[in-house]
Amino acid sequence: MDKRIVNDFSITVGTVNGSGSSTANNTILRALFKMGIPVSGKNLFPSNIQGLPTWYTIRVNKDGFVARHDEHEVVIAINPGSFARDLAEIQPGGAFFYADDIKQPITRTDISVYPMPIKQIVREQVDLPTNLRDLVSNMVYVGILAQMIGMDLDKILAALTFHFKGKEKPITMNFNAVKAGAEWAKANLEKKDPFYVEPMNKTDGLIMADGNLAAALGSIYGGLQFAAWYPITPATSVAESINEYLPKLRQRADGKHTYAVVQAEDELAAIGMAIGAGWSGLRSMTSTSGPGLSLMTEFAGLAYYAEVPIVVWDVQRMGPSTGLPTRTSQGDLTFVAFMGHGDTQQVILLPGGVDECFEFGWKALDLAERLQTPVFVLSDLDMGMNQWMCRPFQYPETSMDRGKVLWEKDLEDLKGIWGRYQDKDGDGIPYRTVPGNKHPLAAYFLRGTGHDDYAKYSEEVPVWLKNMDRLKKKHETAKKYVPAPVLHTTKGATIGILAYGSTEAAVQEARHQLNVQHGIKADYLRVRALPFTAEVGKFIAKHDLIYVIDMNREGQMHQLLTLEYPASATRLVSVAYGDGMPASAKWVREGILAKYKRPVATKKPDRVKKTGTAKAAKKAAQAKPASRSRKAAVTSSKKKVVKKSSASKARK
Amino acid sequence: MTETLPMTGANIQVNAVGLSKNDYRGAPSTLCQGCGHNSISNQIITALYEMNITPDSVAKFSGIGCSSKSPTYFLNRSFGFNGLHGRMPSVATGGLFGDHTIKGVSLSGDGDTASIGMGQFKHAVRRNVNMVYIVENNGVYGLTKGQFSATADVGLTLKKQGTNHTMPIDICMEAIAANATFVARSFAGDPKQVKELLKAALSHNGTALLDIISPCVTFNNHENALHSYAWGKDHEAPLHEISFVPARDEIMLEADMQEGDIREVQLHDGSTIVLKKIDKDYNPTHRWEALKMLEEAERENLLVTGLIYVEPGKPSLTDTYDLVDTPLNRLAEADLRPSRESLDTINAMMF
């Protein structure tokens with residue numbers, strides 16, 4: 001062992017679905033986080049309750065790059081079913097821990113191998129009830145790993161205390177198993193691999209959460225009043241988190257409720273109820289994934305055309321069809337952009353991290369009521385269900401925007417003269433009333449059929465055209481309200497990278513690698529909403545080549561950009577790939593390199609444009625502090641990375 | 001705030017809340033002349049007027065089809081939502097949460113409810129959503145010009161469709177099976193009964209299902225068809241003569257009703273529906289009896305009308321949510337957005 005590799009590797013646990021190992025894996029993740037080391041954890045699980053192989057992969061990275069790592073350096077194999085594969089996939093020089101009751105040949109000599117007598121160690125735990133032995137046995141490998149890579153046992157205790165909400169009995173039982181594993185390893189194993197963790201302070205001030213919880217909390221802080229939902233992986237925990245936190249956060253002295261959550265009979269009913277509630281003046285949402293979204297399509301068109309505010313969270317999974325229900329994807333983008341038959345344009349928000357899931361939770365409700373239209377928030381399984389470190393949730397900086405609603409007093413002032421679909425302000429957004437308004441002229445009859453300014457049925461050509469034009473104008477107005485993209489610039493950048501959503505961590509890392517390893521400097525624009533705001537057009541105008549990163553087969557963001565900016569189409573290069581796995585820096589980097597053309601330095605955009613973009617960038621950065629957590633981690637570590645780059649390169 | 005529209009002239013008749021019948025009307029109907037649905041619309045107007053229910057305390061919901069167009073033709077001053085085919089129940093379910101004091105008056109048809117909307121129909125009934133759920137049942141698709149619906153009777157022959165060989169769905173039976181708390185059937189050609197049942201339904205807390213056989217004058221009015229006027233008139237077998245007695249009024253029995261012949265059913269608001277037995281000792285609060293009676297009527301080829309089943313006292317959907325007294329849609333930010341301190345606690349909890 002000539003060189004130590006500290007805080008820069010991945011740990012992958014190969015286990016069996018439903019065997020209770022998630023507590024053990026989360027404990028490792030949380031203990032590392034508490035040691036101050038940037039970390040991420042991805043649960044790669046099958047669509048199954050019990051029995052199929054599942055992997056949990058943890059990335060520790062001192063520089064803050066926490067996208068999924070393609071290489072497996074430390075592997076813990078406790079599933080006989082995936083043993084051969086786990087063994088084959090480990091990196092040369094890697095550390096291979098395995099449960100010694102798995103009797104399968106190990107022929108590799110380029111790795112360090114550690115058998116773990118898990119069953120024997122558990123047997124020696126005399127206090128342990130027999131029925132809990134299997135569950136607690138997972139903690140033994142936590143202890144062995146901790147001993148071998150240098151994790152603090154007190155941080156493991158902290159993680160267990162968090163997990164078991166302070167309940168002493170399970171904490172002690174599990175921690176004893178951890179200690180037993182650690183003690184056994186100390187006495188019996190000789191360290192042969194180079195992988196170590198050491199305490200840092202890079203997670204100070206950060207929290208750890210999943211995107212679905214953040215979405216639920218964000219919606220609650222947005223004043224959510226109604227949610228209807230139907231269970232579907234990977235969106236279920238959005239609704240379940242709402243159910244868990246709404247009663248706590250909106251408790252009243254009289255015990256009465258200011259909200260309602262309904263589990264519907266299917267997604268058709270879920271969105272139907274949410275639309276009914278939105279029409280009746282409530283902050284209303286539903287949450288779903290691909291198949292449920294498909295069912296919601298007709299209603300999405302109705303809500304667009306009849307102008308009903310509603311928020312739809314789409315936690316994307318891999319389609320088409322039932323597809324890969326437990327794998328991640330960005331495959332719903334074009335579908336949602338035009339969701340509904342006829343000419344339909346939907347407003348979409350694209351959170352790029354867990355803290356943004358919180359922020360867009362409340363913003364989406366504001367936007368829906370402001371614009372009187374459905375607002376879709378496209379998250380994905382990776383962001384929604386995995387634990388991410390992120391900035392603490394920020395309290396909404398603005399008051400709730402309830403949009404243009406007329407109550408009795410307003411109608412009295414107007415002498416009752418109003419039209420539900422009149423464009424009074426010239427921004428395409430009409431005024432609305434809601435049921436319960438007692439002014440005799442408040443009521444209107446909402447319909448999905450052709451209607452005039454007063455919501456009356458009409459098949460007249462000019463009426464139809466006028467209304468459709470107004471809806472288009474309203475979509476244009478939306479650009480003023482949706483979150484602007486986040487721009488990261490690099491001095492001397494020759495290319496642009498445009499991405500969105502959960503690929504953020506992978507893109508940031510790939511961008512760094514392109515610079516350090518290939519000398520390619522890239523500006524990066526992370527798009528956060530549809531319709532595209534002016535900043536997107538400026539970014540495209542500024543760069544000769546823009547690599548558009550999509551986690552789907554078709555390059556759906558690339559398609560939408562091509563439609564929006566046809567004159568720039570030849571400069572938009574699609575880097576699209578989707579296999580269901582969370583994005584890694586490797587596929588982003590190699591995807592770009594595979595299509596990389598050295599930009600022709602002839603036609604550079606003029607100075608005026610440059611300053612314009614810089615200004616926009618600054619503005620974007622100021623206006624949207626939410627994305628800073630990872631950005632800050634990355635930039636602050638960058639200096640050190642540049643210095644140490646030769647060392648890290650040597651290893652690769 | 002409860003302001004009435006200015007009245008023209010002093011001698012217009014008004015009800016106890018100062019509204020004239022005109023205040024309950026809608027746009028002129030564009031349905032076919034003689035359509036049973038128009039007669040039902042008129043009874044809705046009359047029932048609400050006579051019960052002194054203000055238009056702002058009801059909301060209209062409908063799906064797609066001839067029946068679902070009809071809310072345009074009554075209650076101009078009530079909010080309304082004409083949604084998607086078969087999806088009225090879900091919209092009403094959510095729509096009635098905005099202001100829990102509002103009652104739904106929902107219109108659907110046999111296609112809208114028994115075919116495309118079967119699932120939503122049964123789930124709304126099961127949830128006991130606080131609305132009158134009227135199915136204008138004619139056994140045929142009118143707007144698409146005469147196809148069979150799921151309630152069409154076996155042996156019915158339509159011009160372009162041939163003969164129906166599939167067993168019909170009995171909407172009342174389905175509702176009872178789904179744990180409905182109020183199920184009634186009527187016939188559009190019997191406006192008095194329609195009106196009395198509507199009044200009882202409006203007083204019921206929860207879903208009150210009214211299956212009203214409403215003949216299609218254009219596409220399904222053969223003399224022998226179940227959903228025709230001629231058949232309905234000949235085969236209608238009312239369970240009872242019905243009188244609705246509003247709450248708080250003294251209950252006056254009509255002189256010709258004899259002790260022992262009447263059965264009173266008290267509804268949640270204290271109002272009473274008085275049933276006069278025609279030929280047998282029928283108990284509308286007995287679920288099993290109700291199903292048995294429907295089964296027997298079908299075997300005897302009878303169109304049984306009247307109150308088939310009622311279970312007063314069960315909480316409606318909004319009751320079960322124990323909402324604040326202020327309608328949810330009038331709550332302000334202070335009621336809805338948790339405090340800044342609570343978010344600090346949440347962040348501290350996130351490991």
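Helix 9 of chain A and helix 3 of chain B are oblique to each other, where angles under 35 degrees count as roughly parallel, over 145 as roughly antiparallel, 65 to 115 as roughly perpendicular and the rest as oblique. The model is predicted: local features need pLDDT of at least 70 and side-chain atom pairs count only at pLDDT 80 or more, while totals for chains, interfaces and linings use all residues. Residues are numbered from 1 along each chain as its sequence is written, and chains are lettered from A and ligands numbered from 1 in the order in which they are written.

Helix 9 (residues 267-279) of chain A packs against helix 3 of chain B at an angle of about 45°, and their axes are 6 Å apart. Axes are lines fitted to C-alpha atoms, for helices over the stretch in contact, and angles run from 0 to 180 degrees between N-to-C directions. Helices (H or I, at least four residues) and strands (E, at least two) are DSSP runs, numbered from the N terminus. The contact includes L268(A), G272(A) and W279(A) from helix 9 of chain A, and S90(B), V91(B) and G95(B) from helix 3 of chain B; residues are in contact if their C-beta atoms, placed from the backbone, lie within 7 Å. By class, this contact has nine nonpolar, six polar and no charged residues. Here Ala, Val, Leu, Ile, Met, Phe, Trp, Tyr, Cys and Pro count as nonpolar, Asp, Glu, Lys and Arg as charged, and the others, Gly among them, as polar.

Helix 3 (residues 88-95) of chain B is largely enclosed by the rest of the structure, because eight of its eight residues are buried. A residue is buried if 20 or more other C-beta atoms lie within 10 Å of its own, exposed if 12 or fewer, and partly exposed in between. Of the 351 residues of chain B, 52% count as buried. Chain B has 12 helices and 15 strands.

In chain A, six strands form an open sheet of mixed pairing, in the order 3-4-2-5-6-7. Two strands pair if DSSP finds at least two bridges between them. Strand 3 (39-44) and strand 7 (112-116) of chain A each have a single partner strand, so one side of each is left without a neighbour in the sheet. On average, neighbouring strands of this sheet are turned by 15° against each other, direction ignored. Strand 3 of chain A pairs with strand 4 (residues 53-61) of chain A in the antiparallel sense over six bridges, and K42(A) stands opposite T57(A) in strand 4 of chain A. Helix 1 (residues 21-34) of chain A lies across strand 2 (8-16), strand 3 and strand 4 of chain A, and runs at about 165° to strand 3 of chain A.

How values were computed
Two residues are in contact if their C-beta atoms, placed from the backbone, lie within 7 Å.
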